[in-house]
Amino acid sequence: MIVTEGLSKRYPGVTALDRLTVSIGPGVTGLVGANGAGKSTLIKLLLGLAPASEGTSRVLDKDSATEGAAIRAQVGYMPEHDCLPPDVPATEFVVHMARMSGLPRAAARERTADTLRHVGLYEERYRPMGGYSTGMKQRVKLAQALVHDPRLVLLDEPTNGLDPAGRDEMLALIRRVHADFGISVLTTSHLLGELERVSDHVVVIDGGRLLRSEPIGGFTSSTTSLAVEVTDSDAHPNGATALHDALVAAGVAVRREGGRLVMVDIPPGEAGERGYDTVRDTVTDLGLGLIRMEQRRRRIAEVFSTRTDGTPADPTHPATPAPAAPAPVAQEGAGRRAE
Amino acid sequence: MPNDHAADPATTGGTPAGTATARGDARIHDIGYRGYDGPRLGRSHARRALVEQSVRGAFGIGRSAKSKILPMLLLAIMVLPAVIMVAVALVTNLDDLPLEYTRYAVMLQPVLGLYIALAAPQMVSLDLRYRTIPLYFSRPLERTDYVASKLAALATAIFLFTSLPLVVLYAGALLAELDAGDQTVGFLQGLAGAVVFALLHAAIALLVASLTPRRGFGVAAVIAVLTVPYFAATSLQVILHDLGNTAAAGWVGLLSPGTLMDGVQGAYLGGDTDFPPGSDPSAGGMGLAYLLVTVGLTALCSFLLVRRYRKEGI
Ligand SMILES: Nc1ncnc2c1ncn2[C@@H]1O[C@H](COP(=O)(O)OP(=O)(O)O)[C@@H](O)[C@H]1O
Ligand SMILES: [Mg+2]
């Protein structure tokens, strides 16, 4: 779907993309990075809207630099910012955008009706968009990106500004865009947690550089670590130190965090299962009390703990149970009709 | 087609997709996604659709009732004198219209200017203000397509606005059984003048309007650009003429869109001008300069407009 090679974009004084080489296949791909990481810039280069400073990118096997128009004919784009005129109803607006994509008038109307229904906009679609909630606006923005039935959509921060319920609905909708409509998705966010839930593949960039790119399975399995907190005992006045030393002796990858926490790397698969057992057994053998044992996605935490807006989902919350698959997506959420 | 699914709920339930929502059924039928394999008509179709939508917008058609008021009011004011002239011609059995076709737009320049000042920002400032531009440029449409479409749309709107009263005059003249040959020539000259006027003013006004996302500023700026040079040029013409320098008075007309237009019509479209006596441009010498400056200014503004949109929306 998308291949970039050494793709760079330099603005005066800023390198927005720095020799990014990545390849993205069909399905839902999450592009994660803190604000200013270069996500929006990448999308603009892919669409051929801005020239790269260096390197190349191909979308749907076409060169962004020279075949931009052909790419844009088959790709949909949802910008991160507001883009809807307030005094126009959604239907009229989306019909217009469909015609701008080259659809004949009748087809534009039909596709608009279908698409707005699929994104969950009903009677409201005849009212001017100025009165819409953020959630409804985001749906219209998504609809205009889908209305010409593209092969791929690029969604820039589609959950931006939504409340938790709205986020869930938008994520469910994104999942459906691929699962039900058969359209591949590249969606960006500065929150990895939410993209993990809908993506088949996640690409993390930071400062315009590629940090990782791998299937979601790789993420949930290889990135976990276990935070363990234990009581002290008479035999071990510092329980954390005792546990740390004992685990090191047992050959487990382990480190300290703060005064009380022992962080244990949990490898994927069966080795991980044994890892849990080792920790539990070690704690028991030492005669310590287990205060808590939490799973964390360590690298994600590392990527984001230094940069995000103070809501790094992972480190402060007990993680989801075990190396679970991405949370099942509520399929009906998006199609639900407001009563 | 409207009621084929209401007819038989049983069969409706059986069909897989397309017809849905049997009456009284609270459940929402999931109408499966249908792709689109129909034609994709590409840039030229998109350009045409954009022109059409923009021209309609310039008259408030397809927009709220409120946004129809001003354009329609101005159009009425624009046509009213023509209606009166026709009525007078019919009643009093005149043997010519009280005014040449080419004079009409010049006479009603304030109304025209107001309309242009309203229509130009309407055409571009909303897309800038609400940041809709990226949605256009993320489609096959190129920046030049967008600019060309908007220019064509504004020129069309101005032309319609200018030529509608001419049509009224012409129809009235034929009704009053004035000399059909003379009237037709005059009418065609009037239309030709309207084309030149529309292209020149569309380019200027659109460029000015595109410099600000605020519609109010746009309106004010367009009014300023159309009127201030006009009054300056016409005042200078009078002063120079009073000083006895009729040639210079003629040349000064090059300095504003309104007098430029007037001069072109005077030289090539058989009309009079508002210029002081003796300073009208002639077809050979000064007239040519008027024509060249008109074409050049239109081209320059169009070029600057394309440039202005080169970085927009990225
Ligand atoms: N048009 C531009 N001119 C100058 N700098 C820009 C421009 N667009 C983006 N940048 C800079 O490039 C970097 C990446 O921006 P962006 O791609 O918008 O990041 P993200 O979408 O990940 O938040 C930022 O430092 C930003 O300030
Ligand atoms: Mg961004």
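1. The bend at a residue is the angle between axes fitted to the seven residues ending there and the seven starting there. By this criterion, helix 5 of chain B bends by about 35 degrees at B:Gln122. Helices (H or I, at least four residues) and strands (E, at least two) are DSSP runs numbered from the N terminus.

2. The model under discussion is predicted: local features need pLDDT of at least 70 and side-chain atom pairs count only at pLDDT 80 or more, whereas totals for chains, interfaces and linings use all residues. Residues are numbered from 1 along each chain as its sequence is written, chains are lettered from A and ligands numbered from 1 in the order in which they are written, and side-chain values use heavy atoms, with hydrogens and water left out.

3. Helix 5 of chain B covers residues 109-129, 21 residues in total, and its first and last C-alpha atoms lie 29 Å apart. This is close to the expected 30 Å, the expected span being 1.5 Å times one less than the number of residues. Of its 21 residues, 17 are buried, so helix 5 of chain B is largely enclosed by the rest of the structure; buried means under 20% relative accessible area, exposed over 50%, and partly exposed in between (1.4 Å probe, protein chains only). Just after this helix, B:Arg131 adopts a positive phi of about 55 degrees.

4. At the interface, 46 residues of chain A are in contact (heavy atoms within 4.5 Å) with 34 residues of chain B. The buried area, which is the accessible area (1.4 Å probe) that two parts lose on being put together, summed over both, is about 3600 Å² for chains A and B, and carbon and sulfur atoms give 54% of it. On the side of chain A, the residues losing the most area to chain B are A:Leu49, A:Arg72 and A:Met100, which together account for 17% of what that side buries.

5. Three salt bridges (a side-chain nitrogen of Lys or Arg within 4 Å of a carboxyl oxygen of Asp or Glu) are found across this interface. One of them joins A:Arg72 to B:Glu142, with the closest N and O atoms 3.4 Å apart. Helix 4 of chain A provides the largest share of the side of chain A that touches chain B, seven residues.

6. The loop between strand 4 (54-59) and strand 5 (62-63) of chain A holds A:Leu60, whose phi is positive, near 50 degrees. A:Asp61 is found in this loop and has a positive phi of about 65 degrees although it is not a glycine. A:Leu60 is buried at 9% relative accessibility, whereas A:Asp61 is exposed at 61%.
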